[in-house]
Amino acid sequence: MDNQDAERAKIAADADRELTRLWRAWRTVHQMCQDRGYEIGEEEVKISLDDFRKNYTDPSGAPDRKKMTTSFRPTDAMLAKYTAIPTKVEPDPQPQIGTIWIEFSSDASIGIKQMRAFAQHVNQHNFHTGILVTQASITPAALKIIPVVLPSIIETFQEQDLLVNITHHELVPTHELLSAEQKVELLKRYRLKESQLPRIQVGDPVAKYLGLRKGQVVKIIRRSETAGRYASYRWAI
Amino acid sequence: MPHSILKNFSIPNTSASPARSREDRNKETALHHAQILQQRKDVEALILASTEALLELPSSPTANPAQPHPQDISLVKNSLKPFQPSDYDLLIEERNINKLCGYVLCPNSNRHEDTKAKYRILHGKGRGSDSLRFVERQILERWCSDDCGKRALYIKVQLNEEPAWSRGGLSGGEILLLDDERNIQKQLEDDSTLIEKLSSLDMSLEEDEVVARMKALAIERGDEKAPSRSFGLAEVDVRENENLNGKASAPEPSAKEGNANGGFDSIEGYTPKFSSKKMRDSEAGNDEDEDEDMMPTI
Ligand SMILES: [Zn+2]
């Protein structure tokens, strides 16, 4: 009997540790979407562990990833940021952003089939972007599917990469996406071509966090004791 | 005098043409690179599509991996032509994720060892610590059985390591299955390089008694009247293949690439060393020797 109790206690402790991990990843994803400019209530971002436990566990108390899905719409400010400057050819450009779908995968490994299924879900529901949070790394073949499913944008994160929000680290300066208009202004002011700016890879962790796309420009704001706040700019490649 | 006329004639020509031809050449080079890039993209897309299709094989859930359906066989043989060994490894990985045996024509689930330990110890032939083999659990779990592991490796060693977009139109020979009727005979008759591969395969699999199995196959399929005749190189009537293309398109498999991918090439923990022709020559004379005699050459 004692052995059984000990075993049961161990399983419960494991489930609880797993739940805490997922709660942290869940919160980071919400902060990330909020930082990108999606419409999210503060109480959603700051969900307590208890509330998370209530909503996202199975009857045994273990976390249930199948329940961990959500979607957000872009705010007006975000829509404006993602809209190109009107031209004669394109007098009424549409915002290049839309509803985002987020899903924590319950599959232990993600291969071609699992990725296809996710892409299909994103396409069928006309989500502009899909974020798949996975338990382990994705196979190389499955990653090759991501560019094939355009126009939907698919992003992937591993749970372990979301346990802490990297942008909250004190050494990581603030990154801010420039709108198309702000980008033109910047280049005009400094008489630069975008290719003359220092670069940031779209695979850079902060770029990934912000969902940067090739060609966009971010403003990086640092604080310095001597100079106060100062900004630099990077062109995403 | 005609000499100088010719010279005079050529002077304006050479002074004008380098600039233009350099431009032309640059254009040509750019076009050439663009074409290669496009070919490469096309091949990659084709391999991805084939990988997806091969995830669905075999077409029947009750198929026998030793006797696959002819339609499945031809799909496999055609689809795998542009594959490099590394592409093939990815296919196996994908099948395993879907809880399928890594051998593309097998409907069974892959093995699942009831342990999280990295290695398993298997008892081989003989006694004492020499007979113990350490086998990576991950490798065991790729297949439903050792037989399927052999079948899958048999295909892998035939795949061209050269990417399909740089094979220069060489289509390569037909991929053979371990269970193909006549496949050993065919190999011996058609392509001397395959014999070489087969001998490397022998080397790599001797612990698993594949040599014996192949001997048996050769006897069974090829020469029932003379059962004493073994599967050996000395009796083979090797005709020089006039078409050297076949030879060029079939490089020897390398153990390196597999190792980088987590030791795919190692058979139950034993990593084969794919040898040069030298080794083959040295053993060609004593083909009837037992496995043990091959060991010192490894
Ligand atoms: Zn099998």
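Trainee: How much area do chain B and chain A bury between them?
Mentor: Buried area is the accessible area (1.4 Å probe) that two parts lose on being put together, summed over both. Here chain B and chain A bury about 1000 Å², 64% of it on carbon and sulfur atoms. With contact meaning heavy atoms within 4.5 Å, ten residues of chain B and 13 residues of chain A take part. This is a predicted model, in which local features need pLDDT of at least 70 and side-chain atom pairs count only at pLDDT 80 or more, while totals for chains, interfaces and linings use all residues. Residues are numbered from 1 along each chain as its sequence is written, chains are lettered from A in the order in which they are written, and side-chain values use heavy atoms, hydrogens and water being left out.

Trainee: How many salt bridges are found across the interface?
Mentor: A salt bridge is a side-chain nitrogen of Lys or Arg within 4 Å of a carboxyl oxygen of Asp or Glu. The rule finds two across the interface of chain B and chain A, including one between Glu56(B) and Lys113(A), whose closest N and O atoms are 3.5 Å apart.

Trainee: At what angle do H3(B) and H5(B) pack?
Mentor: Helices are DSSP runs (H or I, at least four residues), numbered from the N terminus, and axes are lines fitted to C-alpha atoms over the stretch in contact, with angles from 0 to 180 degrees between N-to-C directions. H3(B) and H5(B), the latter spanning residues 146-156, pack at about 150° with axes 10 Å apart. Since angles over 145 degrees count as roughly antiparallel, H3(B) and H5(B) are therefore roughly antiparallel to each other. Pro85(B), Tyr88(B) and Asp89(B) of H3(B) make the contact with Ala152(B), Ile155(B) and Lys156(B) of H5(B).

Conventions. Helix = DSSP H or I, 4+ residues; strand = E, 2+ residues; numbered from the N terminus. Parallel < 35°, antiparallel > 145°, perpendicular 65-115°, else oblique.
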